[in-house]
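Here is a short briefing for a first look. Keep the sequence and the 3D view at hand while reading.

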2 protein chains.
Amino acid sequence: MEIAIVGLGLMGRPMARTLGAAGHQVRGWNRSPLDPALTAGIPLCASLAEAATAELCLLMLADSAAVDSVLATLMPALRAGQLVVDMGSSNPAHSVIHAARLAEQGVGWVDAPVSGGPEGAAAGSLAILAGGAEADVARALPALQALGRVTRVGGPGAGHTAKVINQLIVGLTLQAIAEATALAEASGIDPALLRQALAGGFADSKLLQIHGARMAARAYVPGARVATQLKDLRLAQALAAARGLHLPHLDDTAARYARLVAAGHGDLDHSALHLLLREEQATG
Amino acid sequence: MEIAIVGLGLMGRPMARTLGAAGHQVRGWNRSPLDPALTAGIPLCASLAEAATAELCLLMLADSAAVDSVLATLMPALRAGQLVVDMGSSNPAHSVIHAARLAEQGVGWVDAPVSGGPEGAAAGSLAILAGGAEADVARALPALQALGRVTRVGGPGAGHTAKVINQLIVGLTLQAIAEATALAEASGIDPALLRQALAGGFADSKLLQIHGARMAARAYVPGARVATQLKDLRLAQALAAARGLHLPHLDDTAARYARLVAAGHGDLDHSALHLLLREEQATG
């Protein structure tokens, strides 16, 4: 396929290379100029208007505001038969609106946020949560399958919703692991031995093994940032509120991330819930 | 080794058979009489006093109260050089006291609670969290290694503490999965597709795949009981309180399990946090 990748950041660059290696005709565009060393081997578009001519416009941007801004420029240039695929973690409510507006022009829409980071993008092993009309997801599959394992979870916005729910599970489980780590430490049990003992059982998870180790080492180096996790949990809260759902641990975990951001810890890893817990004990 | 297993319940019986198959000389004793069909192939002791003559007395009882009661009878009969191994999920504070009293008689102590259920006991694939003096754990190893994978996490009581922390992680993660499942359902996303999409990623766990499926199916059939999970979380709260730790999600999850018990749901599976969440939305 002829693919334009809008957003050549930490994720967009390895995605461009992986798609190119899979035989797709890839070009890239970035809102701000990038060091040519970073984009070596990726053909660049001269403008967003040029990107808008591709069969598939793939967006890999920082947040919903960036997607909204890029789409405002892109939409008038798009023609019937083209396809927009938003692979960032955006607001599902915006995705529903974008999909409807593009449909009026005969342009397809897929939201396909990912899990697996730059390593997964480079290896073509991302987990891809796809939302969109069945026909649109089917058309995007040759590109998506080059990047990883695709699951269509529903119509437009469902992919972004699933990603928000992914972040809900991650954030709340990190609080569980922070409390477990704090209790192990206070009880004189080496958290590393505890992780080894629990490996493979019902309490085990990647989060316990990877982020539990970061907590025990006080190595809150991202990884994924506190500020990003707060943004995602606020999206989850907005989704829940729109459906009249009260989710108590979601609300409390979002408040805890907000406290970390307010204390100047927004750039730490999201495992810093453990730091907050330690600071609370010290001052409580 | 010559092993007496005190407690021939759902766990004790397969443990007796697995130890026997591994070449140990096993006898069993149960507080209440059991249907002979259940204990077929397991030589029985005529009395607890007879069990007290074994080189290794292995306790597999329902709770700390049962352990305290059995030990009150057992202790006067024990002699220097014997070993008591408590493999149930008991109160770590009691274990420290039992270990000290037995040490005065020259009797060794290991707390070695397990994860993996009757299937793990039958297969010899339990995860075993061992606490005790290094020499005592070393002496118990021939028996313990026949039953599963052993990790020594610290001195007397550390095994029971680690099991309590295991239960903390399980309970709090189940609340995370309950909230995620409720949000998926309210958003029109099939939880089964969501679990499939998240498999292998950071949000994934055995709890998501197994208990998430129970929640979506409203099949709150134990598994592990709500009342047991509440007992274990209260042990975790007692541990935290003794160390001056405030663990907010532990306290809230324990309160949620207590609400389920008060509503008559104590015998449901611990995934019934999802039922509570649904009932709260209906009445909220």
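The points below cover the two copies, then the two domains of one chain.

This is a predicted model. Chain A and chain B are related by a turn of 180°. Chain A is assigned two parts, domain 1 and domain 2.

**How the copies relate**
- Chain A can be laid on chain B with an RMSD of 0.1 Å.

**Domains of chain A**
- Domain 1 spans 2-155, and domain 2 spans 161-283.
- The centres of these two domains of chain A, taken over C-alpha atoms, are 29 Å apart.

**Where the domains meet**
- In chain A, 10 residues of domain 1 are in contact with 8 residues of domain 2.
- Between them, the two domains of chain A bury about 710 Å². Carbon and sulfur atoms give 65% of that area.
- On the side of domain 1 of chain A, S89(A), P92(A) and L129(A) lose the most area to domain 2. Together they account for 56% of what that side buries.
- The residues of domain 1 of chain A that touch domain 2 divide into 6 nonpolar, 3 polar and 1 charged.

**Polar links between the domains**
- The rule finds 3 residue pairs in polar contact across the interface of domain 1 and domain 2 of chain A, both residues at pLDDT 80 or more.

Definitions and conventions:
Residues numbered from 1 in each chain as written. Chains lettered and ligands numbered in written order. Predicted model: local features only at pLDDT ≥ 70, side-chain atom pairs only at ≥ 80, totals over all residues. Heavy atoms only, no water. Least-squares fit on C-alpha atoms with pLDDT ≥ 70 in both. Domains from an automatic or database assignment. Contact = heavy atoms within 4.5 Å. Buried area = accessible area lost by both parts, 1.4 Å probe. Polar contact = N/O pair within 3.5 Å; in protein donor to acceptor, adjacent residues only side chain to side chain. Nonpolar A, V, L, I, M, F, W, Y, C, P; charged D, E, K, R; others polar.
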